[in-house]
Every structure is written in C-alpha cells, then in structure tokens.
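Reader: I have a fold open on my screen and I'd like to learn how to read it. Could you walk me through it?

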Amino acid sequence: MGVCLRWIPPVGKGIRLVPCGRWWDAVQVPRSRQRDLAGEVPGGGVLEDQSEDVLTWLLPVGTAPAGWGRGGVRVLGRGYHLPVPPGEWRTGWWLTWRTAPRGDGLTDPDALRALLAELPERCDRCHRLAAPPATITGPAPGGGTVTVITCQGCADTMTAVLRATASLAADRLGRAGQ
C-alpha cells in the first residue's frame, strides 16, 4: 500500500474511531447516489460503509462548507467521529476502502465539489430525484434561516416542519423573555 498515516489503524488492529476536524473533515454520500456519480471518483481514498450505506471522502480540515449537505450528502467536521478500517481492508467487512488510501489520504476539495455539483438535485427528506425541485426557506432552530430542496411530494411536509419549528422557537423565546 505504501501509505503510513497515523489515523489509519495497522493490519490486525481492527477499526479505529477517529475524530473529524483533527486530520480531516469528511463528506458522506449515500451509496444509492452511486449511479449519479459519473466516471472516476476522485480521492486519496474512499471509504465504503455498508452498514450506513454511504461512501466517504476525507478532505482537508475546514474545506467542506455546510452547504454541500444536500440530497443526503452529509458534511462531518469537529464533533463527529468516523470509523476507519486498516488500509488493506478492501472486501469482506462492513467497512472497507473502496479506493485505497494514497498520498495523504485526502481528496482535493475542488474535485469533490465539482463532482457533487454535477449530481442531480435530490430531495433532502426522501432522497428521490427532485425534478422539478421545490426550494423552501424558513427559520432555523438556532436562529438564522435554513433552505431545503424537496421533491414536490415532500414540499408540503417540509413546509409544515419549518412552520412548526418556527412556532416552537417563538414559544421558547417568549417563555425565556417572561
């Protein structure tokens, strides 16, 4: 393999739970979106987790903005932990390296950003193709706003969720001010 990274466990040691935000941040894409990923998948290594049904790319810390989290794509930074198998694990386990780790094990964020930009819009709720997508914006639970992309079938549900969230936040704010 030729890669010796401190965060990759050695053969025979099993899976190691590694904190995100220390050596890298992670971007996870549901394996169901695999058919949406055209051509060569970029990366210094790509993890495949069959139990969670995701592919995971590791990026330099701070290079994966939260806005990438659309249609089932998740960005994991500080505060998250990711299970990492030995670099030789390619088959036979629930967690393997789909693409062996190379170099520093990290993916070029611009290459991954370009790949994700080409993915068709999928609903943030059900992950089905959102054609045509509905974009819904509402208040975020912690303040500010949140924007979600949904299919037409989930639009009413997501609108109701955002309204309920805004109502709960307003109630809490009212009680805190009393």
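Author: Let's go from the overall fold to the sheet, the cores and the aromatic rings. This is a predicted model, where local features need pLDDT of at least 70 and side-chain atom pairs count only at pLDDT 80 or more, while totals for chains, interfaces and linings use all residues. Residues are numbered from 1 along each chain as its sequence is written, and side-chain values use heavy atoms, with hydrogens and water left out.

Reader: How many helices and strands does the protein chain have?

Author: Helices (H or I, at least four residues) and strands (E, at least two) are DSSP runs, numbered from the N terminus. Here, the protein chain has two helices and nine strands, in the sequence pattern β-β-β-β-β-β-β-α-β-β-α.

Reader: What is the strand order in the open sheet of five strands?

Author: Strands pair if DSSP finds at least two bridges between them. The order is β5-β2-β4-β3-β7, with antiparallel pairing. β5 (74-76) and β7 (95-99) are at the edges with a single partner strand each, so one side of each has no neighbour in the sheet. Look at β3 (residues 46-49), which pairs with β7 over four bridges; L47 has W97 as its bridge partner there.

Reader: Which residues touch the most other members of the largest nonpolar core?

Author: In soluble globular proteins, nonpolar side chains tend to be buried together. A nonpolar core is a set of buried Ala, Val, Leu, Ile, Met, Phe, Trp, Tyr and Cys residues joined through side-chain atoms within 4.5 Å, and buried means under 20% relative accessible area (1.4 Å probe, protein chains only). In this 14-residue core, the answer is W7, W24, A26, L58, L82 and W97. Apart from it lies another core of 13 residues, among them V29, L55, W57 and L116.

Reader: And how do I read an aromatic pair?

Author: A pair of aromatic rings is described by the distance of the centres and the angle of the planes. Rings of Phe, Tyr and Trp (its six-membered ring) pair if their centres lie within 6.5 Å; planes under 30 degrees apart are stacked, over 60 edge-to-face and the rest tilted. W7 and W24 are edge-to-face, at 5.6 Å centre to centre and 75° between the planes. W7 lies in the segment before β1 (16-19) and W24 in the loop between β1 and β2, so this pair ties together parts 17 residues apart in sequence. W7 and W97 have ring centres 6.5 Å apart and planes at 45°, so that pair is tilted.

Reader: Is W97 buried or exposed?

Author: W97 counts as buried, at 0% relative accessibility. Ring pairs link W97 with W7 and W24 into a cluster.

Notes:
Buried means under 20% relative accessible area, exposed over 50%, partly exposed in between (1.4 Å probe, protein chains only).
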